[in-house]
Amino acid sequence: MQDVRVTEDTLTVDLLDGRTISVPLTWYPRLLHATEAQRNNWRVAGGGFGIHWPDVDEDLSTEGLLRGAPAPRESTPA
């Protein structure tokens with residue numbers, strides 16, 4: 001992970017191999033509803049293969065981003 005940028009509608013990740021991944025922020029509701037300060041407070045995690053946002057308890061893997069995997073939808077009680 002070289003860099004992570006979060007705008008109001010897009011998550012963009014620059015990988016060390018030169019690739020850039022951009023995905024819609026709507027895929028990750030915790031980040032979508034976070035403040036700019038919370039979005040900018042990220043750490044490299046998972047031995048360099050993931051991103052962690054401690055303020056919103058969000059963890060994303062490079063593998064999941066490359067697969068185009070949105071966050072799982074939370075189930076609601078019946």
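Tutor: In sorting residues by type, Ala, Val, Leu, Ile, Met, Phe, Trp, Tyr, Cys and Pro count as nonpolar, Asp, Glu, Lys and Arg as charged, and the others, Gly among them, as polar. The model discussed here is a predicted one.

Student: How does the lining of the largest pocket divide into nonpolar, polar and charged residues?

Tutor: Rolling a probe the size of a water molecule over the atoms shows where empty space is left. Here the largest pocket has a volume of about 230 Å³. Of the 15 residues lining that pocket, Tyr28, Glu58, Leu60, Ala71 and Pro72 are the closest to its centre. Helix H1 (29–32), strand E6 (58–61) and helix H3 (62–67) each give two or more residues to the lining, and E6 supplies the largest share, four residues. By type, the lining comprises eight nonpolar, two polar and five charged residues.

Student: Which residues have the most contacts inside the largest nonpolar core?

Tutor: In soluble globular proteins, nonpolar side chains tend to be buried together. In this model the largest nonpolar core has 17 residues, and those with the most contacts inside it are Val4, Leu11, Val13, Trp53 and Leu65. Strands E1 (3–6), E2 (10–14), E3 (20–24) and E5 (50–53) are the elements that give two or more residues to this core. Beyond four places in sequence, Leu65 is in contact with Leu11, Val13, Ile21, Val23, Tyr28, Ile51 and Leu60.

Student: Is asparagine 41 buried or exposed?

Tutor: Asparagine 41 has a relative accessible area of 19%, and therefore counts as buried, the cut-off being under 20%. This residue lies in the loop between helix H2 (36–40) and strand E4 (43–45). Leaving out residues up to four places away in sequence, asparagine 41 touches His52, Trp53, Pro54 and Asp55.

Note on methods: Residues numbered from 1 in each chain as written. Predicted model: local features only at pLDDT ≥ 70, side-chain atom pairs only at ≥ 80, totals over all residues. Heavy atoms only, no water. Core = buried A, V, L, I, M, F, W, Y, C linked by side-chain atoms within 4.5 Å. Buried < 20%, exposed > 50% of the residue type's maximum accessible area, 1.4 Å probe, protein only. Contact = heavy atoms within 4.5 Å. 1 Å grid on protein atoms, 1.4 Å probe; cavity = no way out; pocket = protein on both sides within 12 Å on 5 of 7 lines; lining within 4 Å. Points joined across faces, edges and corners; volume = space filled by probe spheres on them.
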